[in-house]
Amino acid sequence: MREIECRASDWLFNSGMVGFINIVGRENIRLEGRSIFFDEGLFDAFEDKYFAYFIKEYEKMLSWYKIVSFKEEIKRYQKDDFLSFDEDALERLNDYIANVAKRYLKSASYISVYPLIDVTAAPLSWEKGLTKVGVLKKKETFDEKRTDIIQEVKQVYLKLEQIISFCDSEKGKKYLAAKNVIYTVIKNGWNGVSFLNPQTKEKDVYEDYRKTFIAPAQEYFEIDKVDSEYKCSACNKPIKKEKYNFSFLNYAGFDIAKKSSHVWDFYNDIEICAVCKLIYSCVPAGFTYAFGNGIFIDDSFSIDTLYEVNEKIRFAILHDPAQTLAQASPYRALVEATTNQVEGNRHYELADIQVVRYENETYRFNILSKRALNIFRESKNALKAIQRCGFKEGNLSVNFYQETVRRLMNNENLFTFIHKTMYLKVTNVSNTYYHIGHIGSLLEINTNFLKEIEAMTEISKGRIWHINKCGNEFKKAYPEHKRAGFNYKVLNALKTNNRDAFMDIILNSYSYLGKVIPDFFLESFTSDETFKTVGYAFMVGVNGAIEQDDKDKDGGNNDEK
């Protein structure tokens, strides 16, 4: 068998290479320098491996899984002869019937593959025969009607078992789950061709993918290319004049026939070979997605590091047993993968790393600099403390961790974010899932950032804790009924960077108490960054506990959750 080489190139091709490795298995690929080498025989039945990868990795996100996973609940109640079946169980059953079984069974994508699973089955008839059970009339109670309800439940369970058995069969999973990953994952990377072409005549998505991507790649090596004047714009290998280009790639390619002005002198010179087209079809497997957002780290110093860092990202988002899928964060996975000291001797210090994020159906790019990596390492504990913190503004949910990492990657300080979180907390706004100690963690991270960019070097972590303590002592002495006005005036002075107003408030307040003003307030005149750091550190002490244990708590107080 012929050995094929693919060499690292741009971020999109690199993500395709990582995706190809994920699909066929690391053990079947030879990684050497910036290239991968593999046997041509891996193209055989590649379509099965392609879909199997996505189904395995994203199984619990699929509507197919929502259908078949209900069988565990059915077995549980059947096992104890429905003795534990209660009103909550009835509500879950009716919700499953209406919002899962009936909803998905009649979806167009499912209907299109029913004949491929079993031509004799009638899923649409099964769907029509499903209705809610145990519906109570006014003044009726569950306990009064329990016997009749259980009989109805037993009957509907038989219908559901038939549906689940159909969906959970070998072919049921193969085709229904494949339909799911097409529209939830694969479509994020490419569109408009093969099974994503609205005009396709092929009903079998596996066969459609094979014809579009695999068969041309296998035939590519049988074509005489020696005298060809054309070269693949991705790998520079000779090709004949073909129709393969980047138009099927989302937000990166374009239709040559319609947009000839996008190429130099209206002449198309960006065609690609069939092998590169197959690699590009693996882009969705190179990215890791969670709830519509994706991430890829283009650390192409070598293929080994490129694969390893994205493998860590994938594990942290999709398979980390320490968190649920709902808590999965591409930002947290990014930080943990790139700051993990097990990475080897390189430690990501030789060059900046390109981070590609897929958000709101577009690609966004950041450079993960050595500076940002140092900040992440120095702030490891503080970042851990804010993982589950956040607040809501209307329909918008803001996560501390995600917002912090985003700002640091964009080389922005956190002062405006610190101010907002402090203001929301001291004014007792609802839907705030954090306490003042977590704002202290934000301040610690921001201080590390300011030191890294050499904007502020004179304030140590110990100094900040001392300022916190002084603020806490001030809180104990200052009348509680005056504290709201004090908070408002000080925070306003900090936001507007008004040092004179800030010092007037501090002088008047300490004079009222008859206490000596701490000397650290003199440091406020050193720089704007120092002024804000001192001010917010003092306010953290004034408005909350400063015990070290506070920094290790999750999310907020029980009443805040």
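Three cavities of 30 Å³ or more are found in a search of the whole structure. The structure is a predicted model. Rolling a probe the size of a water molecule over the atoms shows where empty space is left. The second largest cavity has a volume of about 60 Å³. Its lining is made up of I4, E5, C6, F13, Y220, F221, C235, K237, C273, V275 and C276. Two elements, β1 (3–7) and α12 (274–280), each give two or more residues to this lining. The largest share, three residues, comes from β1. By residue type, the lining of the second largest cavity holds nine nonpolar residues and two charged ones. No polar residue takes part in this lining.

An open sheet is formed by three strands. Their order is β11-β10-β12, and the pairing is antiparallel. Strands β11 (396–399) and β12 (432–433) stand at the edges of the sheet. Each of these two has a single partner strand, so one side of each is left without a neighbour in the sheet. Strand β10 (residues 390–393) is joined to β11 by four bridges, and the two run antiparallel. G390 has N399, in β11, as its bridge partner.

Two helices accompany these strands. Helix α18 (residues 400–409) lies across β10 and β11. Its direction is at about 70° to β11. Helix α19 (residues 415–426) packs on the sheet and touches β10, β11 and β12. The direction of α19 makes about 75° with that of β10.

Backbone angles draw attention to two loop residues. A45 is found in the loop between β3 (35–39) and α2 (46–57). Phi of A45 is near 55°, a positive value in a residue other than glycine. The relative accessibility of A45 is 39%.

E361 lies in the loop between β8 (353–359) and β9 (362–368). Phi of E361 is also positive, near 60°, and this residue too is other than glycine. The relative accessible area of E361 is 57%. Exposed means over 50%, so E361 is exposed.

How values were computed: Residues are numbered from 1 along each chain as its sequence is written. This is a predicted model: local features need pLDDT of at least 70, side-chain atom pairs count only at pLDDT 80 or more; totals for chains, interfaces and linings use all residues. Side-chain values use heavy atoms; hydrogens and water are left out. Two strands pair if DSSP finds at least two bridges between them. Contact means heavy atoms within 4.5 Å. Axes are lines fitted to C-alpha atoms, for helices over the stretch in contact, and angles run from 0 to 180 degrees between N-to-C directions. On a 1 Å grid over the protein atoms alone, a cavity is a set of points where a 1.4 Å probe fits but cannot get out, and a pocket is an open set with protein on both sides within 12 Å along at least five of seven lines; lining residues have an atom within 4 Å of a point. Grid points are joined across faces, edges and corners, and a volume is the space filled by probe spheres set on the points. Ala, Val, Leu, Ile, Met, Phe, Trp, Tyr, Cys and Pro count as nonpolar, Asp, Glu, Lys and Arg as charged, and the others, Gly among them, as polar. Buried means under 20% relative accessible area, exposed over 50%, partly exposed in between (1.4 Å probe, protein chains only).
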